[in-house]
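Visitor: I should like to examine this structure with you and ask for the grounds of each description. May we begin?

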Amino acid sequence: MDEEILQDFLVEASELVDQLDEQLVDLEHSPTDGDLLNAVFRGFHTIKGGAGFLGVTPLIEVCHRAENVFDKIRNGDVEYDAQVADVILRAFDVISDLIEQLNDGEREFPENDPALLNELDAIFKGTAVAPEPETAPVEAASEPQSENVSEQLHLADGVDPDGDMTDDEFEALLNQRDGVQDPSSSPKGLQLDPGADPDGDMTDDEFEALLDQRDSLGDQPAASNPNGLSLAPGADPDGDMTDDEFDALLDQRDLTQLAEAQEDTPPTIPEPIVVEKAAPEPAPQQPAAKPKAQPKSTAAKKAPAKANAESTVRVDTKRLDDIMNLVGELVLVRNRLLTLRGNSSDIEDISNAVGNLDHVTTDLQASVMKTRMQPVKKVFGRFPRVVRDLARKLGKDIELELLGEETDLDKNLVEALADPLVHLVRNSVDHGVEMPDEREANGKPRKGTVILGAEQEGDHILLSITDDGKGMDPDVLRRKAVEKGMMDEVAANQLDDKSAFELIMSAGFSTADQISDISGRGVGMDVVKNMITKLNGSIDINSVLGEGTRISIKVPLTLAILPTLMVAFEKDSYAIPLTSVQEIFDFDINNTNKIDGMMMVRLRERSIPLYFLSEWLNPQSDKTDSKGDKVVIVSVGNQRVGLVVDQVNGQEEVVIKPLGTGLKDVGGYAGATITGNGNIALILDLPGVVDRFQ
Amino acid sequence: MELTDQQADVLNTDFIIQEEDSKYAGPSARCVLFNLENEIYGIQVKKIREVLRVSNIRNVPGAAYNVLGVINVRGVIVTVVDTRVMFNMPQQDVTDLSRIIIIEVDEEKTVGMLVDCVMEVKDVPENKIEPLSTTKENASRNIQAIAHYEDNVIILVDVDNMFS
């Protein structure tokens, strides 16, 4: 397998899978949307094309059948209802699994589950109305020649589909064709021998065979023709074949060949492709137009610029041009500075040049940052499916609305946010939105709504998950907290509603009386909280009993640049992420108490634990006087702690760099950075700092 | 530049390039030779990215004992280890001769080794290299082999092992 082609295929296929994921769910809401159907059809077709090139047979099989089904659907022969959707989505899962396996380096694939293939075939043949899909394929297989199902030419069992066709076989097919054609009123199509090489040139024989078939079929132009290769009914049977007609046949031939990639399906093996159903319009190019409508380039062009492989980013060339331009500017400024260095001219020139340098580097930095930005759509794209499957499983009726999908955020964040968001959305669907009957009883519409939104707010991104479900009862939460021994009753009753909601983010807190396999094991929200904290973000919960819950997540636009508060011990500086800093005040020993061996500071009627960072960061210090020390109050998870530092040196936006080799396991650091004066400052990881002191 | 007596000795007497073995045409390992406690150590050139003068080493409280801290190498933070500590020698203050050898263990791992002084680059013929025979089990982990070459004993450091 050509690795380079494979990589190209994987990038493209992953994009298509992402798109299909969304489109398939959209399709359930508007099953007759022609554009959408075409897009889905194209998606499967393009994946199939690539898979065919690489020879990944199981992938070809599934894509091919899915494509068949969608061809039926877009022609209006089959309705895309929930049952069909289930089968298609299962097929889609198989496809996306296979692609993922390819991505992981797997090159040998087991055969597909025949049940799925049969179900797809059954839908294709229009026999899969049965709610028990298991039985459907048997029916379909057992009566392939039934009146409604059109006959197909097929090869005798045991014929090697890859070998050359012998004259006998060809004769046999011709006979079948003739036999099928004469007496029956049922339609049939042209078909090439399955052994034909789809990429090779058409041989004269094949061409002749097709011509023959065309001519004979041409006598019954009005015959409905759901199966087999066919020419447009209006084609003049005796005239010369036009290029269009020839192309159409070639296309059909290629598609047909793919159909017999499977070996152990019942006698209907060489399954012909429906190119056109009985159509009155005599447009000769019609049959060809559809299969030809999906060349690779079209699909690729339509794909939004988003990358899939973890380590690559697709960048708009416009952004690259901007960067190139800025780098050019940078070189110019450098040249000017070099000249100035040579002939020590006046201060004004130098300061101009430096000012210029400042601008160029700032812009350059912003431009480079933008190359890492990706639309939040990349995370959101998976949710329609998540919600659909979950709602169906729970018997709920839920609509997911996505807002602000175009909001850009850092690639790392896009990846890091995926899991917490999935969890929150599942929570909303599972615990938030009520069952339809219950909703109705409460005077709400049966259909629940979950809104997933994203918007930029200054240098932050605000993500919100809002549902119109039953909301949370702060009193229940308080009671639970007491039951779980997290606090006593007095403390619980003192919690305001907001703090009560925040209880759900404590470890081991789950209010669902019944634990479902979907959510509610109490391992979730605290993990979500930790993940968001790690991204220097914060979570805010609002809920109104009976009206719904809104969970807002605020994360910085990028992980690469971090606004920090610089603090120092003697000459070593450390950076504290600014998002966690709540206030700073002078350390006053008179305002502290030693409680249970731990120093606490009193702040507005609350005692907050104090961590003397110098014990860890500057243990050799002979400084005994705490005069001039500052207390920096930071929030870590749900708690507040005070960090005692020697000096506070103000704010600085820093670029986070990973700590060197072997230091990643040293707790308490999130990385390092280089400060304005060229020194290295270590960035503190607050959860790690707290761990260190506990 | 001030040299300690020891270091001056090393530079002046022990290590004058001798031509006697230059007829050897077989494969050889090109090594950077450096000095620790008057012994000569070698690291294969292919593992070394650069040799730097010692600049500000920023300490990292809580890091392992052999880690001196981190330095800024053109925008990349690189851990610096005290090679003396790795070889169970007493620590010594940085001098003008001290250097940091930047080692690329693999694509992701870059480490700086602080050494007493860097001497030269030399092709050590492979037929002079032999495995270290020692009865001490634990000492040999960081040493790949030794080479007797031009009246010197060169201790070849196994950096892969050292930083794995």
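Visitor: Is the crossing of helix 3 of chain A and helix 5 of chain A left-handed or right-handed?

Guide: The model is a predicted one, and in it helix 3 of chain A crosses helix 5 of chain A in the left-handed sense. The residues in contact are Glu61(A), Arg65(A), Ala66(A), Asn68(A), Val69(A) and Lys72(A) on helix 3 of chain A, and Leu117(A), Leu120(A), Asp121(A), Ile123(A) and Phe124(A) on helix 5 of chain A. By class, the residues of this contact are six nonpolar, one polar and four charged.

Visitor: At what angle do helix 3 of chain A and helix 5 of chain A pack?

Guide: Helix 3 (residues 57-74) and helix 5 (residues 114-125) of chain A pack at about 20 degrees, and their axes are 9 Å apart. Angles under 35 degrees count as roughly parallel. Helix 3 of chain A is therefore roughly parallel to helix 5 of chain A.

Visitor: What makes helix 3 of chain A roughly antiparallel to helix 4 of chain A?

Guide: Here the packing angle of helix 3 of chain A with helix 4 (residues 82-103) of chain A is about 150 degrees, with the axes 10 Å apart. An angle over 145 degrees counts as roughly antiparallel, so helix 3 of chain A is roughly antiparallel to helix 4 of chain A. The crossing of these two helices is left-handed.

Visitor: Which residues of helix 3 of chain A meet helix 4 of chain A?

Guide: They are Pro58(A), Leu59(A), Val62(A), Cys63(A), Arg65(A), Ala66(A) and Val69(A), and they meet Ile88(A), Ala91(A), Val94(A), Ile95(A) and Leu98(A) of helix 4 of chain A. This contact comprises 11 nonpolar residues, no polar one and one charged.

Visitor: Why are helix 15 of chain A and helix 16 of chain A called roughly parallel?

Guide: Helix 15 (residues 383-394) and helix 16 (residues 411-432) of chain A pack at about 30 degrees, their axes being 10 Å apart. The limit for roughly parallel is under 35 degrees, and helix 15 and helix 16 of chain A are therefore roughly parallel to each other. Their crossing is right-handed. Among the residues that make the contact are Phe383(A), Val386(A) and Leu390(A) of helix 15 of chain A, and Val422(A), Val425(A) and Arg426(A) of helix 16 of chain A. The residues of the contact divide into nine nonpolar, no polar and two charged.

Visitor: What makes strand 8 and strand 9 of chain B edge strands?

Guide: They belong to an open sheet of six strands in chain B, ordered 8-1-2-11-10-9 with mixed pairing. Strand 8 (117-125) and strand 9 (129-130) of chain B each have a single partner strand, so one side of each lacks a neighbour in the sheet.

Visitor: How do you know that the pairing in this sheet is mixed?

Guide: Strand 1 (residues 28-36) of chain B pairs with strand 2 of chain B in the antiparallel sense over six bridges. Strand 2 (residues 39-44) of chain B, in turn, runs parallel to strand 11 (residues 152-157) of chain B and is joined to it by three bridges. Ile40(B) takes part on both sides: Asn35(B) stands opposite Ile40(B), and Ile40(B) stands opposite Ile154(B) in strand 11 of chain B.

Visitor: Which residue takes a positive phi in the hairpin of strand 1 and strand 2 of chain B?

Guide: Glu37(B) does, with a phi near 45 degrees; the hairpin has two residues between its strands.

Visitor: What is the strand order of the five-stranded open sheet in chain B?

Guide: The order is 3-6-7-5-4, with mixed pairing. Strand 3 (48-53) and strand 4 (67-73) of chain B are the edge strands, each pairing on one side only. Strand 5 (residues 76-82) and strand 7 (residues 110-115) of chain B pair in the parallel sense over four bridges, and Val81(B) has Met113(B) as its bridge partner in strand 7 of chain B.

Visitor: Which strands of chain B supply residues to the side that touches chain A?

Guide: In the contact between the chains, 19 residues of chain B meet 18 residues of chain A. Strand 4, strand 5 and strand 7 of chain B each supply at least two residues of the chain B side. That side comprises 10 nonpolar, seven polar and two charged residues.

Visitor: Where in chain A is the pLDDT below 50?

Guide: Chain A has an average pLDDT of 71, and 68% of its residues score at least 70. Over residues 128-163 of chain A, however, the pLDDT is below 50. Residues 217-239 of chain A also stay under 50. Where pLDDT is low, the predicted coordinates should not be read in detail.

Technical notes
Residues numbered from 1 in each chain as written. Chains lettered and ligands numbered in written order. Predicted model: local features only at pLDDT ≥ 70, side-chain atom pairs only at ≥ 80, totals over all residues. Pairing = 2+ DSSP bridges. pLDDT = per-residue confidence, 0-100. Contact = placed C-beta atoms within 7 Å. Axes fitted to C-alpha atoms, helices over the stretch in contact; angles between N-to-C directions. Parallel < 35°, antiparallel > 145°, perpendicular 65-115°, else oblique. Left-handed = near helix turned anticlockwise from the far one by under 90°. Nonpolar A, V, L, I, M, F, W, Y, C, P; charged D, E, K, R; others polar.
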